[in-house]
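This report describes selected elements of a two-chain model. The structure is shown first, and the description follows.

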Amino acid sequence: MNRVTDQGIWIEADVPLTGTTDWPVPLRLLRAVSEGEFASLGRVSPRLASSLETIRDIYVAWTGLSQIPLSFEVSSDAVASSGGVSLFFSGGVDSYYSLIKHRDEVENLILVHGFDVPSADAKTFAQAEAQASEGARLFGKRLIVVRTNMRWERPSDPPLTNLSWECPHVPCGWMMMHGAAMAAVAHALSPNHGKVYIASSHSYADLHSWGSHPLLDPLWSSDTVQIVHDSGETRIDKLRAVSQYSDALARVRVCIESFGDKNCGVCEKCIRTMLGLRALGVDRCSAFPDTLTPQLARQQTLNSDNVLHWRELLSAGLPPAFHAAVQSAIHSYDAELPPRTGKWKREVKRWLYAARYAGKALMSPIDHY
Amino acid sequence: MNRVTDRGIWIESDVPLADTPQWSIPLRLVKAVADGETANLGSVSPLLASNLPTIRDIFAAWIGGHQVPLNFELSSDVTTAASGVSLFFSGGVDSFYSLIKNRDEVDNLVLIHGFDVPLADTRTFELAEAQAREVARIFGKRLIVVRTNLHWEQPSVPGGWGMYGGAALAAVAYALTPNHCKVYIASSHSYTDLPPLGSHPLLDPLWSTHQVEIVNTGIETRIDKLRVVVQYPEALARLRVCWENLGNYNCGLCEKCIRTMLALLALGIEHCPAFPDTLTPELVRRQELHETSMGSWRSFLRSDLPPAFHAAVQSAIHSYDAELPPRTGKLKRGIKRWLYAARNAGTKLMSPVDR
C-alpha cells in the first residue's frame with residue numbers, strides 16, 4: 001500500500017502514487033477559502049498555477065466567503081505525463097454512462113473509499129468494491145481502489161445510519177468540495193494516467209453552483225494530468241444508453257441512503273432513476289427492489305438540486321399515472337407545499353401552507369419601502 | 001474597405017480580413033443546432049474541432065436544440081498566428097473594466113457597428129466611434145471599426161440575439177484573424193449569476209482556434225468593475241451603457257442606465273458627465289426588473305446607497321419578487337397592484353388543488 005500525506009490528510013492505494021506537489025493544492029486552497037485565511041499552497045505546476053486565481057474567484061462567488069490572497073511557488077520540475085486514461089467510478093448512472101461513452105479510451109476505473117462511503121465502514125465498501133470490480137471486469141478495465149480520510153476525517157463523524165451530506169469540518173461543505181477532492185485524488189494518482197474523466201451529475205441546462213462543474217473541473221488540470229468534466233447529456237439520455245447494457249444496468253448503484261450492493265428503492269434518487277427506467281420501458285431492473293408506485297413518486301420532496309431531473313421526466317414518455325405523480329411532485333415544489341401523501345393530515349397541512357402564502361400575497365402591495 | 005461574405009451575411013472593416021470561409025463556422029453551427037440539421041462546417045482547426053461537440057451540446061441544452069451530426073474535415077492550415085491582442089469594446093462598464101484590467105496586453109479595441117447600434121443609425125454610431133477613438137487614444141490602443149449585418153440578418157434561434165451574439169462575436173474574431181492571436185470578450189455577468197447566454201465563460205474559450213485564442217474576461221460583479229473604472233475619470237466620462245439609442249449618449253431613464261447610475265451613487269459618485277442628472281428614488285422605484293439583471297439589483301442592497309435610494313431599490317425588488325407592477329405613486333397604479341395581489345393570492349390559495 002502506497003500513501004501520500006499532507007497536513008493530516010492522506011490518500012492511499014495499491015498503485016504508484018505521485019512524486020509531484022500538485023495533489024494537496026485543491027485541498028489547501030479550499031481550506032484557505034473556507035477559513036478566510038492567507039493560503040500557502042506550496043509548489044504548483046505551471047498550468048495549475050495559472051488557474052488558481054480563477055478557481056478561488058469562483059469559490060468566493062459561490063460560497064459568499066471573503067477574497068483571500070494566494071501564495072504559491074510555480075514549480076519548474078518537468079514531470080512527463082503518463083499515458084493512460086482514468087474515470088472516477090462510483091457505479092452510478094453517470095459513471096456507467098461515461099464508461100460506455102469513452103469505453104475505447106478509458107483504461108482505469110477509480111473507486112474511492114472515503115467519499116460516499118465513510119472510511120470506517122469497511123463492510124459497505126467491500127460490497128461497493130465487489131460491484132465495481134464486476135463492472136471493471138465486464139468492460140475489461142483495471143479497477144484502482146483508493147482510500148482517503150479527506151471527507152470523513154475525524155473519529156467523531158456521524159455513523160453511517162445518520163449520514164449527513166454536509167460534514168461540518170469539510171471546507172466549503174462536501175457539495176462544494178467533492179470536485180476538488182477528486183482533483184486531489186487524480187493528481188495523487190498521476191503516475192497512472194495523463195487524463196481523468198469526471199462524470200457530470202447535471203446537464204448543461206443546469207449549471208447551478210456545485211463542487212464538480214464544467215467551469216471548475218478542467219481548471220484543476222496540471223501539465224501532467226488533464227481533468228475533463230464529462231457532460232452533455234441529460235440523466236434520461238444517460239439511462240437510455242446504460243439500459244442497452246443489461247450487465248451494467250443490473251449493477252447500477254445510485255442510492256445515497258445505503259451504499260451497499262443494494263439500492264434502497266425508496267429515496268428520491270432511487271425513485272428518480274426507477275422513473276427514468278420506467279419511461280424507457282424497463283419495468284423491472286434487478287438493481288432495484290420492486291417499490292415504485294405513483295404514490296411513492298408523488299410524495300417526494302424535491303429541491304433545487306434535483307428538480308431539473310424531475311422536469312426532464314415530464315417529456316420522457318412515462319405511463320399516465322406516473323406522469324401525473326411526477327407533475328404533482330413538481331407542482332408541490334413550485335408552489336412550496338409539502339408533497340401529497342394521500343393522508344388527510346397532509347392535505348390539511350397543504351391548505352394551511354396555501355392560506356399563509358395567499359395572505360402574504362394579498363398584503364404584498366404594502367411594502368414599507 | 002475589406003469585406004467577407006457568406007450566405008448574405010457580411011463583415012467589413014478597414015483592416016485586413018481573413019480570406020477563408022472559416023470565419024462563419026460559429027454562425028453555421030448555432031443555426032444547425034437550432035434547425036436540427038447536420039452542421040456542414042468545412043475545414044476546421046484541430047483545436048476547435050476537439051471542442052465542437054461540447055459547443056454543440058451546450059447550445060443544444062440551452063436553446064432546446066438538437067445534438068446534430070457535425071460534418072467537417074480537419075484543417076491542415078499551418079499559417080502562423082498574427083501577433084496582437086484585441087478586446088471587443090462597446091464602451092460600457094464591462095468593456096472599460098476589461099480594458100483597464102488587461103491594459104498592458106491589449107493592442108486593439110474592436111468596435112462593431114451593427115450590434116447594439118443598428119447599421120441605419122449612423123448618427124449614434126458616429127458619436128460612439130468618436131468616443132471610442134478618444135478612449136483608444138488615451139489608452140494608447142488602435143481602434144478597429146467593424147461593420148456587419150450579423151445582428152439584423154440573424155436566423156431564428158431560440159433565445160434570439162442573447163444566444164446568437166456569442167457566436168457572432170467569435171465570427172468577427174475569426175474574420176479579423178490577420179490582426180490578432182488573442183481576443184478578449186468582456187463578461188456581462190459574474191460567477192454568482194451566470195445564466196445561459198451566447199457569451200459565457202464556459203462557451204467563449206471553446207471557440208479558440210490555433211490562430212485565435214478567445215478569452216472571456218472580467219467575471220467580477222458590476223459594482224466591483226465600476227469601483228475600478230471610477231478611478232479613471234477620462235474613462236468614466238465616456239461610458240456608454242444605454243441600449244435605447246435615443247440620440248443622447250446615455251438616456252438616463254432606461255433600466256440599464258439607472259442600474260449603472262445607482263452603482264456609481266453607491267460608490268459615492270453623484271454626478272457623472274456621461275449621464276444626465278435624472279436619478280431620483282422615484283425613478284428607481286418604478287423600474288420593472290428582469291431576471292437577467294436581478295443579480296446586480298440585489299447586490300445594491302449590500303452597498304452603501306443613501307437611505308432613500310436603498311428603499312427605492314428594495315421596493316423595485318419587492319415588486320419583482322411579489323409579481324406586482326412597480327410603484328409609480330399614481331392612484332391607478334396603486335389599484336392595479338391590489339388587483340394583481342388579489343389574483344396572486346387566489347392562485348396561491350388554490351395551489352393545493354393540482355389535479
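Two strands are said to pair if DSSP finds at least two bridges between them. Strands (E, at least two residues) and helices (H or I, at least four residues) are DSSP runs, numbered from the N terminus. The model is predicted: local features need pLDDT of at least 70, side-chain atom pairs count only at pLDDT 80 or more, and totals for chains, interfaces and linings use all residues. Residues are numbered from 1 along each chain as its sequence is written, and chains are lettered from A and ligands numbered from 1 in the order in which they are written.

Strands E6 and E7 of chain A pair in the parallel sense over six bridges. Within E7(A), A:Val146 is the bridge partner of A:Val112. Both strands belong to an open, mixed sheet of seven strands in the order E1-E2-E7-E6-E5-E8-E9. E1(A) and E9(A) stand at the edges with a single partner strand each, so one side of each lacks a neighbour in the sheet.

| Strand of chain A | Residues |
|---|---|
| E1 | 2–6 |
| E6 | 108–113 |
| E7 | 142–148 |
| E9 | 226–230 |

Helix H1 of chain A (residues 25–35) is largely enclosed by the rest of the structure, because nine of its 11 residues are buried (20 or more other C-beta atoms within 10 Å of the residue's own, C-beta atoms being placed from the backbone). Among the buried residues are A:Leu27, A:Arg28 and A:Arg31. After H1(A) comes A:Gly36, with a positive phi near 65°.

Notes
Buried ≥ 20, exposed ≤ 12 C-beta atoms within 10 Å, placed from the backbone.
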